[in-house]
Number of protein chains: 2
Amino acid sequence: MATNTPVRERTRREILQQAMALFQEKGYNATSLQDIATAAGCSKATVLYHFSDKTGVLVAVLEPSHTALSKLVAEASALPAAEAQELAIGRFVELAVEFRGLISVLQDLFGSLGEMPEFSELVAEGLRLTGLLAGGTGNQLELDIAKFAINGLLGECRHPGERTDAELHELCDTALRRLLRPPA
Amino acid sequence: MATNTPVRERTRREILQQAMALFQEKGYNATSLQDIATAAGCSKATVLYHFSDKTGVLVAVLEPSHTALSKLVAEASALPAAEAQELAIGRFVELAVEFRGLISVLQDLFGSLGEMPEFSELVAEGLRLTGLLAGGTGNQLELDIAKFAINGLLGECRHPGERTDAELHELCDTALRRLLRPPA
DNA sequence: TTGAAAACTGGCCGAGCGGTCAGGAACTAT
DNA sequence: ATAGTTCCTGACCGCTCGGCCAGTTTTCAA
């Protein structure tokens, strides 16, 4: 009990870290379990000893960002529409910057996410965020614009090294406000 | 010479048509040569008789939209910046609507497009479009906003059946104008 | 009618994938 | 030292993929 990192956790963490890097770099589908194992310095079988299957690795990689999104949606949902929109824009941009690398992973999965039951909650939360960003109006055009905004933001968070966090933050903030809060 | 559709062209067309539909439906990577062959009512070997390899099918499927984009970029490039931007916005939206299905194919490939030499020209043309949409200013933020706009538009063109062409057109037009021509 | 050219195909290949399993290695409490 | 538990692995399985090739069928001009 000298080290508080039992062997189990140490390996798990290493696998997750390398998997995250690879998913960002090459996408989820293009990354094989063998790739992850090699990068983590263990065997493919070890990866599957720590995680149920390949999807299990993805779930674990996405978990921190998922809970952060849940928290944001929960907080904003408790507010009146206008304030909820303001909070959603600001916090969503922060989230996007914080997890900028992971976002390209989501992008890679947009086609198949719907068919993975493990992520139905994540998808639902994304939809709720759309509603909040649209300002609570039922207006279909504004809802679609909000989706448009999310797509733009997701796409723009790729290419990790090219922009500082501050630059990315400014870009996303400007774009979201132009789209979602157009001057009357 | 009675029919002006020699056997060769007839089969080629059928393959391309079915390949396009499948690429739109399931994405390029998730579509196998066997899928295409079955849908086209021929054998996998026949597909490879008409096209050099799987990438060759993709190139052919993308060709009409590619030339349309080239034409747009060429025309706009000949104009002064402000008019070029206006033309680029309008024509690009039309293009996106016309080829709305194909766009999800591009989306599916964004990660790997850069590494396929067959598409370097397409990528370069996309970059030039970005510059035109940004209004010709060297301003980095506006350039990034233009990229943001393209990403948003690409993402929004998925899910073919959900919107009419007119609705999609209005959505893209509104979004692009909010992003790229913000009131001073 | 015929024979060469074009169009097409079944069968095969090597590679890579996600996933399983029996058993070896390392750690730990006694 | 020893026995039990946890951690790890090489070998293997079934499957699908893109691509190739020898050979058959179809087309079409002479």
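**View 1. Chain A and its fold.** Among contacts in chain A between residues at least 6 apart in sequence, 63% join residues at least 24 apart; two residues are in contact if their C-beta atoms, placed from the backbone, lie within 7 Å. This is a predicted model, in which local features need pLDDT of at least 70, side-chain atom pairs count only at pLDDT 80 or more, and totals for chains, interfaces and linings use all residues. Residues are numbered from 1 along each chain as its sequence is written, while chains are lettered from A and ligands numbered from 1 in the order in which they are written. Chain A has 9 helices and 0 strands, where helices (H or I, at least four residues) and strands (E, at least two) are DSSP runs, numbered from the N terminus. The C-alpha trace of chain A spans about 60 × 35 × 35 Å along its principal axes.

**View 2. Where chain A meets chain B.** Each partner brings its share to this contact: 21 residues from chain A and 21 residues from chain B. On the chain A side, α6 (100-113), α8 (140-156) and α9 (165-180) each give two or more residues. The largest share, 10 residues, comes from α8(A).

**View 3. The axis between the copies.** Chain A superposes on chain B by a rotation of 179 degrees with 0.1 Å of shift along its axis (RMSD 0.2 Å), which is the relation of a two-fold axis. Look for G152(A), the residue of chain A that comes closest to the rotation axis, at 2.0 Å (C-alpha). The copies meet through the same surface, because 100% of the interface residues of chain A are also interface residues in chain B.

**View 4. The largest nonpolar core.** This core has 91 residues, and those with the most contacts inside it are A149(A) and A149(B). Such a core is a set of buried Ala, Val, Leu, Ile, Met, Phe, Trp, Tyr and Cys residues joined through C-beta atoms within 7 Å; buried means that 20 or more other C-beta atoms lie within 10 Å of a residue's own. Leaving aside residues up to four places away in sequence, A149(B) touches G152(A), L133(B), A175(B), L176(B), L179(B) and L180(B).

Note on methods. Buried ≥ 20, exposed ≤ 12 C-beta atoms within 10 Å, placed from the backbone. Least-squares fit on C-alpha atoms with pLDDT ≥ 70 in both.
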